[in-house]
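I opened the model to look up its core, a few helices and the surroundings of the ligand. My entries follow in the order in which I made them.

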Amino acid sequence: MSLKHSTHDAADVVAALAVAGFSEAEVAAMDAALAAALQGPRGANPLVGAVVIAADGTRLATGYHRGAGTAHAEADAIDQAKAAGHGLSGATMVVTLEPCNHCGRTGPCAQAIIEAGISDVVYAIDDPHDPAAGGAATLRAAGVRVRSGLGALAALELNRRWFDAVAAQRPFVTLHIAQTLDSRIAASDGTSQWISSPESLADNHALRGRIDAILVGTQTVLVDNPRLTARGADGAPAGRQPLRVVMGYRGIPEGAAINGDDGKVLHLPTRDPREALDELFAAGVRHLMVEGGSRILSAFLAAGLVDELIVYLAPTLLGSGTPALEDLGITTLAGAQQWEWDPASGGAVRPLGRDLRLHLRPVQTEPAQTEPAPPEPAPTEHVQTRPALTDRPPTPPAAAVNTSSDSTPLRTVADPASGGN
Ligand SMILES: NC(=O)c1ccc[n+]([C@@H]2O[C@H](COP(=O)([O-])OP(=O)(O)OC[C@H]3O[C@@H](n4cnc5c(N)ncnc54)[C@H](OP(=O)(O)O)[C@@H]3O)[C@@H](O)[C@H]2O)c1
């Protein structure tokens, strides 16, 4: 089969190869697992979906991961199957990421699968963490038949920016903007509370309760004096609070509200977003929300360090005031940053009270390709056609794709502490 037509064709070929060796029911289950994964929130952990099917292909349960600290997709699917009264002996678990093997905030999925009596596991791609953390080997050692590679390209695409963050050893970065219709985040007198609807504020506070850290610039601390805590609609603090981070050279005033009384505040005397991320990663932060103001938002965007964008768009006009963004160093339309609507985590566009919540992620940018050198003249009888560089399927960003069945998974190494499935 020729690979020389287009990237699309090449991806189709890889996808076709990845389907070979799997039953129709397994292929359909993987599609359902990928769709289920989208219901989870982006953040410290990847989006993962899982479907359990019986030996005859009947779908028994569908699960997905609802974020750090909650049941993993496999455990969710097993629980649901059991709650529905299904026996799992001889069943197949179809999951978008290799089952984990470690005890984080939840138990290891490999063990849960073994204990449930599941005899077959089909997963799309390897867990990109420490090889010792992978569950495939544990499953095989327990006599479970394990195959991988089904839906691999879609599974990589699903969590593309999460894999990038893991490979770069930095937190996954969510950028938050609460803005007017004309892209203002504060009026010209500095007032900004509240541009957003109560529903948007509640959504933001729910997110604050899930992230590891929230970051603002020194100017926002000086102007707004925010608390940056996660609070319920009644103002009561949520059970889980993020680390509050201030970025910039100037110090935090002693009486600033952000200091709180729990010691969970960190001042990073830097203007370099990557340096800030390095420090936060070293401090154990795996999901960071950048909340503003405009100079900080722009600095992270200009550095290409934003994995997810959440915009609360209020039907309000100011005409003047602080713009949401400053100069990103873009001078021509061809250089514009391209974003795409992200259907995960509550959808791409959602009404929240009178606001719209917009959810986006960066469009994948291919690394610049250099023109391949002209081929050496070859004898005409032995001319070999090679696919052009641009015809190759996308290179997996961090995790490796293994399209073969029953083989040892390929891996890349990253920090075992950052969660995984
Ligand atoms: N609606 C919203 O969602 C929202 C959210 C937050 C804030 N706001 C509003 O945003 C306004 C503040 O925005 P702002 O842009 O003036 O301030 P900002 O982004 O909060 O802070 C800017 C300050 O951060 C420091 N800094 C750190 N890294 C930097 C970098 N790479 N580039 C530039 N500065 C860096 C600098 O202070 P040093 O001199 O200390 O280094 C700079 O003066 C306020 O009116 C606030 O109400 C709105």
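**Entry 1: Val94 and the core.** I began with Val94, which touches Glu26, Ala29, Met30, Ala33, Ala50, Val51, Ile53 and Val122, residues up to four places away in sequence being left out. I took two residues as in contact if their C-beta atoms, placed from the backbone, lie within 7 Å. Val94 is also among the residues that touch the most other members of the largest nonpolar core, together with Ala33, Val52 and Ile113; that core has 95 residues. A nonpolar core here is a set of buried Ala, Val, Leu, Ile, Met, Phe, Trp, Tyr and Cys residues joined through C-beta atoms within 7 Å. Buried stands for 20 or more other C-beta atoms within 10 Å of the residue's own, exposed for 12 or fewer, and partly exposed for the range in between, with C-beta atoms placed from the backbone.

**Entry 2: the basis.** I noted that this is a predicted model, in which local features need pLDDT of at least 70 and side-chain atom pairs count only at pLDDT 80 or more, while totals for chains, interfaces and linings use all residues. Residues are numbered from 1 along each chain as its sequence is written.

**Entry 3: the chain.** I found 11 helices and 16 strands in the protein chain. These are DSSP runs numbered from the N terminus, helices being H or I of at least four residues and strands E of at least two. Of its 421 residues, 44% count as buried. Among contacts with a separation of 6 or more, 74% join residues 24 or more positions apart.

**Entry 4: helix H2.** I checked the length of H2 (residues 24-37): at 1.5 Å a residue its 14 residues should span 20 Å, and the end C-alpha atoms are 20 Å apart, which agrees. The expected span is 1.5 Å times one less than the number of residues. Glu26, Ala29, Met30, Ala33, Leu34, Ala36 and Ala37 are buried in H2. Seen down the axis, these fall within an arc of 160°, so they line one face of the helix. The arc is that of the directions from the helix axis to the C-beta atoms. They pack against strands S1 (49-53), S2 (59-64), S3 (92-97) and S4 (120-125) and helix H6 (152-158).

**Entry 5: helix H10.** In H10 (residues 273-282) I listed Pro273, Ala276, Leu277 and Leu280 as buried. Down the axis of H10 they stay within an arc of 100°, so they line one face. Their packing partners are S8, S9 (243-247), S10 (265-268), S11 and H11. Just after H10, Gly284 takes a positive phi of about 95°.

**Entry 6: the ligand.** Which residues come nearest to the ligand? Of the 27 around it, they are Gly217, Gln219, Gly248, Gly292 and Gly293. I counted a residue as near if its C-beta atom, placed from the backbone, lies within 6 Å. S6 (172-180), S7 (184-186), S8 (213-217), H9 (218-224), S11 (287-292) and H11 (294-302) each supply at least two residues of the shell. H9 gives the largest share, five residues.

Entry 7: Ala186 is in S7 and counts as buried, with 24 C-beta neighbours inside 10 Å. Beyond its neighbours within four places in sequence, Ala186 contacts Thr191, Ser192, Gly321 and Thr322. Val223, in H9, is partly exposed, with 15 other C-beta atoms within 10 Å.
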